[in-house]
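Student: I have a structure to go through with you. Can we start with the terms and then look at the contacts?
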Amino acid sequence: MQTNRGALWFILATLLLDAIGIGLIFPIMPDLMERVGAGDTATGAFWGGVLMAAYAGAQFLCGPAIGGISDALGRKPVLLVTLAALAVDYLIMALATGFWVLLVGRVLAGVAGATYITATAYLADISKPEDRAANFGLIGAAFGVGFVIGPALGGLLAGIHVTAPFWAAGALAAANFVFGLFVLPESLAPEKRRRFDRRDLNPFGSILAAARLPGLGLPLAGLFVFEFSNMVYPVLWAFWLREAFGWSSVLIGGSLACYGIGVALTQGALMRLLIPRIGTWHTLMLAVVAGIVASLAYGVASAAWVVWVFLPFACLSDMAPPNATGIATNLVADDRLGLLQGVIGSLGAVAAITAPLIVTPLFRFFAAPHAPLYLPGAPFLMTAALLVISGAIFWPMRRQATATA
């Protein structure tokens with residue numbers, strides 16, 4: 001199978017607009033929590049984590065079903081529904097003046113499963129097996145470019161009003177919907193579709209069924225541990241920078257923009273150079289080691305310059321999920337690709353449910369005004385330890401990566 005270049009660019013453009021919309025709101029999360037009465041920075045981080053857990057919980061319950069539906073009906077209609085749900089979610093967040101209204105919006109977006117699950121299945125449809133890991137990296141690159149534009153724009157719009165980034169994100173999601181409706185082609189041919197199985201509605205059953213498939217246990221387990229550990233970044237980055245160094249929304253947005261540039265370069269360019277030369281597995285392990293280095297540095301950081309020096313290592317660590325996903329995808333049949341991506345999405349959702357409920361209380365304890373040991377970077381040290389475990393799980397996958405290359 002040869003990659004449909006036109007379709008590839010369509011889906012990447014769709015993801016780019018989606019990422020801009022998501023990135024718009026990251027820098028203002030501390031201010032948003034204050035707006036809805038969530039308290040000081042440490043307390044706001046805790047309630048921000050509850051929002052993320054609610055979103056992830058809904059995604060966990062619905063992820064395999066979303067993937068299974070896309071296997072049966074095609075990718076395009078499912079992708080359009082998720083984009084429409086995101087637009088509604090941003091509208092709710094723009095109008096919300098209370099925490100529980102925000103919670104409703106996040107659950108709605110989680111039910112839709114966002115766009116990543118279906119977009120990954122879409123790319124798997126149109127890619128040759130040996131190109132899948134690199135093309136999955138392009139998803140990260142698109143998100144990286146979006147995070148260059150989104151956080152920087154979000155920080156600037158927040159200067160107008162705290163809700164301005166949500167209105168902008170909603171408009172982008174709506175434009176994205178229209179773009180997909182008229183331009184995005186369907187990627188899954190009718191002869192490659194399967195009937196929707198009621199068992200796809202059970203996320204626990206879907207995960208167990210996928211884990212039983214030959215060779216999938218290790219990549220799925222490793223992905224879960226990695227995603228759990230890496231949740232420290234989306235959950236705490238803005239709160240940690242505000243607490244540890246007193247950064248403004250504009251400066252936080254700038255750091256996220258730099259992170260986005262790094263992710264775009266590593267996943268859009270560096271991965272495509274590394275995989276043909278050192279292989280998928282070595283690229284995966286390089287990413288894990290880079291993540292350990294970044295987490296240790298941020299865990300003990302006492303000066304703002306550490307953020308910038310070790311940001312490239314954090315960007316390199318994001319090469320791990322697309323490489324592990326590429327190995328896993330090549331182990332299943334075409335008519336199960338959507339379900340597999342749904343399972344991977346559900347595992348990520350489990351990580352996103354549980355990690356905020358552990359990471360944010362840990363941050364709250366060590367960042368409290370009267371903490372016995374003031375160490376706001378403590379969650380990053382936990383992340384480093386978990387990344388070591390994920391590396392140990394990924395270590396035996398070298399044979400699978402070679403067999404599916």
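Tutor: Contact here means heavy atoms within 4.5 Å. The model is predicted, so local features need pLDDT of at least 70, side-chain atom pairs count only at pLDDT 80 or more, and totals for chains, interfaces and linings use all residues. Residues are numbered from 1 along each chain as its sequence is written, and side-chain values use heavy atoms, with hydrogens and water left out.

Student: What is Tyr 298 in contact with, leaving aside neighbours within four places in sequence?

Tutor: Its partners include Tyr 233, Trp 237, Trp 240, Phe 310 and Phe 380.

Student: Which residues touch the most other members of the largest nonpolar core?

Tutor: Among them are Ile 11, Trp 237, Tyr 298 and Phe 394, in a core of 99 residues. A nonpolar core is a set of buried Ala, Val, Leu, Ile, Met, Phe, Trp, Tyr and Cys residues joined through side-chain atoms within 4.5 Å. Buried means under 20% relative accessible area, exposed over 50%, and partly exposed in between (1.4 Å probe, protein chains only).

Student: Switching topic: how many salt bridges are there?

Tutor: Two, where a salt bridge is a side-chain nitrogen of Lys or Arg within 4 Å of a carboxyl oxygen of Asp or Glu. Asp 71 pairs with Arg 75 at 2.8 Å, N to O. Arg 75 also bridges to Asp 125, with the closest N and O atoms 2.7 Å apart.

Student: Is Arg 75 buried or exposed?

Tutor: Arg 75 counts as buried because its relative accessible area is 0%. Asp 71 is buried too, at 1%, and Asp 125 is buried at 9%.
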